[in-house]
Amino acid sequence: MSQSIALDPIDLGILRALQNDARISNKALAAEVGIAPSTCLDRVGRLRSAGVVKGATVVVDAAALGRPLQAMLAVRVRPHHRSVLNPFVSHVLRLPETRELYHLAGPDDFLVHVAVADATGLQRLVVDGFTARTEVTQVHTMLIFQQWQGGPLLPPEPQGPARRLTAG
């Protein structure tokens, strides 16, 4: 659902707290932003239904699951039509090695973040999972040596009056 929602400083405080600790209790969240727990629950529900809060995620270490080698695959697909793209996206998302998938503008059509056990597994994935498909014209493989996660999307402190965001 995509809609426009006005975010006041309390909403921004809720979002900031949830980004820093998605497992925070409603009672602690309410205390942190200075509102009643029932009001906090209603506000979080509104943020979820508006699509501003899209969920909470557990991050699992791929190496701990036997997939220590990660790579980005830059993939070109032809023809670049929805009738080709949709089945390709479905295929890639069904691959157990896929961690993330991005549809891009530019020379490459997709960027696929994958995690595999070893170089042999990466070669098998590229050859059998990608280049064997007729719509795939090129796969460029980039190994990931190290990765970092960015910080919260919101600024550290509220700035100015209520903001209007379009969720989607």
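**Close-up views of a predicted model**

**View 1. Helices H2 and H3 are roughly perpendicular to each other, because angles of 65 to 115 degrees count as such.** The model is predicted. H2 and helix H3 (residues 37-49) pack at an angle of about 100 degrees. Their axes lie 8 Å apart. From H2, the contact is made by Asn-26, Leu-29 and Ala-30. From H3, Pro-37, Cys-40, Leu-41 and Val-44 take part.

View 2. Glu-32 touches Ala-17 and Ile-24, not counting residues up to four places away in sequence. Ile-10 is 22 residues from Glu-32 along the chain. The C-alpha atoms of Glu-32 and Ile-10 are separated by 9.9 Å.

View 3. At the start of H1, Asp-8 contributes a side-chain oxygen. This oxygen reaches to within 3.0 Å of the backbone nitrogen of Ile-10. Buried residues in H1 include Asp-11, Leu-12, Gly-13 and Ile-14. Leu-15, Arg-16, Ala-17 and Leu-18 of H1 are buried as well.

**View 4. Four strands form an open sheet with antiparallel pairing.** The strand order is E3-E4-E2-E5. The edge strands are E3 (98-103) and E5 (136-144). Each edge strand pairs on one side only. Neighbouring strands of this sheet are turned by 20 degrees against each other on average, direction ignored. Strand E2 (residues 69-77) and E5 run antiparallel and are joined by 8 bridges. Met-72 has Met-142 of E5 as its bridge partner.

**View 5. Helix H4 (residues 82-94) lies across E2, E3, E4 and E5.** Strand E4 covers residues 110-116. H4 runs at about 160 degrees to E3. Angles over 145 degrees count as roughly antiparallel, so H4 and E3 fall in that class.

**View 6. His-113 is a buried residue of strand E4.** Its relative accessibility is 3%. Buried means under 20%, so His-113 counts as buried. The side chain of His-113 makes a polar contact with the side chain of Gln-70 (2.5 Å). Not counting residues up to four places away in sequence, His-113 touches Gln-70, Ala-71 and Met-72, among others. Glu-97, Thr-98, Arg-99 and Glu-100 are also among the residues touched by His-113. Ile-144 and Gln-147 are on the list of His-113 contacts too.

**View 7. Asp-109 is buried in the loop between E3 and E4.** The relative accessible area of Asp-109 is 5%. The side chain of Asp-109 makes a polar contact with the side chain of His-80 (3.4 Å). Leaving aside neighbours within four places in sequence, the contacts of Asp-109 include Val-75, Arg-76, Val-77 and Arg-78. His-80, Tyr-102, His-103 and Leu-104 are also in contact with Asp-109.

Terms used: Residues numbered from 1 in each chain as written. Predicted model: local features only at pLDDT ≥ 70, side-chain atom pairs only at ≥ 80, totals over all residues. Heavy atoms only, no water. Pairing = 2+ DSSP bridges. Helix = DSSP H or I, 4+ residues; strand = E, 2+ residues; numbered from the N terminus. Axes fitted to C-alpha atoms, helices over the stretch in contact; angles between N-to-C directions. Contact = heavy atoms within 4.5 Å. Buried < 20%, exposed > 50% of the residue type's maximum accessible area, 1.4 Å probe, protein only. Polar contact = N/O pair within 3.5 Å; in protein donor to acceptor, adjacent residues only side chain to side chain. Parallel < 35°, antiparallel > 145°, perpendicular 65-115°, else oblique.
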